[in-house]
Amino acid sequence: MLKKVLLVFCFSLFVLSCETLKEGLSSITNSISSDSGSKTSSKEPEAEQIAEIKAKWQQYKPKIVTKIFVETPSVKTPYRAGALTPEFLTNGLNTFKFVRYLAGLSENIVYTGELNDLGQHGAVILARLGQLTHTPAKPGDMDQAFYKRAYESTTSANIHMSTANSSTLQEAVMSFCDDSDESNIDRLGHRRWMLNPKLGKVGFGYATSAAGSFIPIQVFDQSNTEKIDMDYVLWPNKGYFPSSFFTTTQAWSVSLNSNSYNLTRCNPTVKLTCLSNGKEWRFSISDKDKKGKYFNIEKSNYGMPYCIIFRPDGISSFASNKKFKVEIGGLVDKLGKTQQIEYEVEFFTL
């Protein structure tokens, strides 16, 4: 079964420009400032939710790291996997935890030495080849044992490349959650692996070469037993949501739980309304502009196997267009009853 999943996953490649990543990370790693709008009583649920999110971000936001490697990897013969410092790893893991917290998922994820070492092998072969691929060819000067382990990594990981001289694990986490470029928006596979309720153990790899920085994140684990029976997973999630973790060019996603819905009978319809100005978007299967308005139903096994994907067009920022309502019809539960999902999202600034 895992081999089938690996084959499906291997087609998913994702490169996000360094400039875009740097802008996104710069905006979220700055100190948290309060919203510029009118003050709301802290006793109101909305204000409490914002305060909770800000407090959680203070707990998890990346810290300055001056040393990346405990042991520097070698991307030429003799090859060496190397090892990352705990501080560098913690920044990546904490950003991962915050993303899952935003989605209402368990934050109980850990990195392991075994999976980190696996990720390091994957990072080395990608840096050696100078390109992203889930199925790397064996370099002629790499021994079979090292190659086998590197191949195991890339075929069970989200893989990230930055053309900058350096990158960070938190940049990779953010890029995988975006996942809305033209080559990935039809399935959002990287995001769905990151937001898989069953994910409990991860591994991070990092290596550089003249081509750039390469980061695999091992995401195929299924060991988590907390909060795995959710009816659906939303990105962005309902309620208040920080705009620095969801840009206007990102696709919205609703992943359905097969234990809650009869997925073979579901025929989703989606309506999105901007409550700030009344503008509406109704999505249909003909909305296939990968640079604009887009809609797709994706049924492959990227963590949760059924994902409703939609992206509105014409939104320049969430500063004035900040509150939205999502209405999804055409759903059928396991008892054969027609169901719908309705929720509201209001963006705010961290």
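## A contact site at Asp313

Asp313 touches Lys279, Trp281, Gly292 and Lys293, not counting residues up to four places away in sequence. Contact here means heavy atoms within 4.5 Å. Asp313 sits in the loop between strand 14 (307-311) and strand 15 (323-332). Gly292 is 21 residues from Asp313 along the chain, yet their C-alpha atoms are separated by 5.2 Å. Asp313 is partly exposed, with a relative accessible area of 33%. Buried means under 20% relative accessible area, exposed means over 50%, and partly exposed lies in between (1.4 Å probe, protein chains only).

## The model and its overall make-up

This is a predicted model: local features need pLDDT of at least 70, side-chain atom pairs count only at pLDDT 80 or more, and totals for chains, interfaces and linings use all residues. Residues are numbered from 1 along each chain as its sequence is written, and side-chain values use heavy atoms, with hydrogens and water left out.

The protein has eight helices and 16 strands. Both are DSSP runs, numbered from the N terminus: helices are H or I with at least four residues, strands are E with at least two. Of the 350 residues, 55% count as buried. Among contacts with a separation of 6 or more, 71% come from residues 24 or more positions apart.

Five strands form an open sheet in the order 9-16-15-11-12, and the pairing is mixed. Strand 9 (239-242) and strand 12 (280-283) are the edge strands, each pairing on one side only. Neighbouring strands of this sheet are turned by 25° against each other on average, direction ignored. Two strands pair if DSSP finds at least two bridges between them. In general, strands of a sheet pair through backbone hydrogen bonds, either parallel or antiparallel.

Strand 9 pairs with strand 16 (residues 338-348) in the parallel sense, over four bridges. Phe241 stands opposite Phe347 in strand 16.

## Helix 7 and its partner

Helix 7 (residues 169-178) is mostly covered: 10 of its 10 residues are buried. Among them are Leu169, Glu171, Met174, Phe176 and Asp178. Asp179 follows helix 7 and has a positive phi, near 60°.

Two packed helices are described by the angle between their axes and the distance between the axes. The axes of helix 4 (residues 86-102) and helix 7 come within 7 Å and cross at roughly 25°. That makes helix 4 roughly parallel to helix 7. Axes are lines fitted to C-alpha atoms, for helices over the stretch in contact, and angles run from 0 to 180 degrees between N-to-C directions. Angles under 35 degrees count as roughly parallel, over 145 as roughly antiparallel, 65 to 115 as roughly perpendicular and the rest as oblique. Helix 4 contributes Phe88, Leu89, Asn91, Gly92, Thr95, Phe96 and Val99 to the contact, while helix 7 contributes Leu169, Gln170, Val173 and Cys177. By class, this contact of helix 4 with helix 7 has seven nonpolar, four polar and no charged residues. Ala, Val, Leu, Ile, Met, Phe, Trp, Tyr, Cys and Pro count as nonpolar, Asp, Glu, Lys and Arg as charged, and the others, Gly among them, as polar.

## Helices 5 and 6

Helix 5 (residues 113-129) and helix 6 (residues 144-154) pack at an angle of about 100°, with their axes 7 Å apart. That makes helix 5 roughly perpendicular to helix 6. Residues of helix 5 in the contact include Asp117, Leu118, His121 and Ile125. Those of helix 6 include Phe146, Tyr147, Arg149 and Glu152. The residues of the contact of helix 5 with helix 6 divide into seven nonpolar, five polar and four charged.

Most residues other than glycine have a negative phi, and most peptide bonds are trans. Leu188 has a positive phi of about 55° although it is not a glycine. Leu188 lies in the loop between helix 7 and helix 8 (189-194). Leu188 is buried, with a relative accessible area of 0%. Lys227 also has a positive phi, about 50°. Its loop runs between strand 7 (212-218) and strand 8. Lys227 counts as exposed, at 52% relative accessibility.

The peptide bond from Thr77 to Pro78 is cis, with omega near -5°. Pro78 is in the loop between strand 1 (69-71) and strand 2 (83-84). A cis peptide bond also joins Trp235 and Pro236, where omega is about 0°. Pro236 lies in the loop between strand 8 (232-235) and strand 9.
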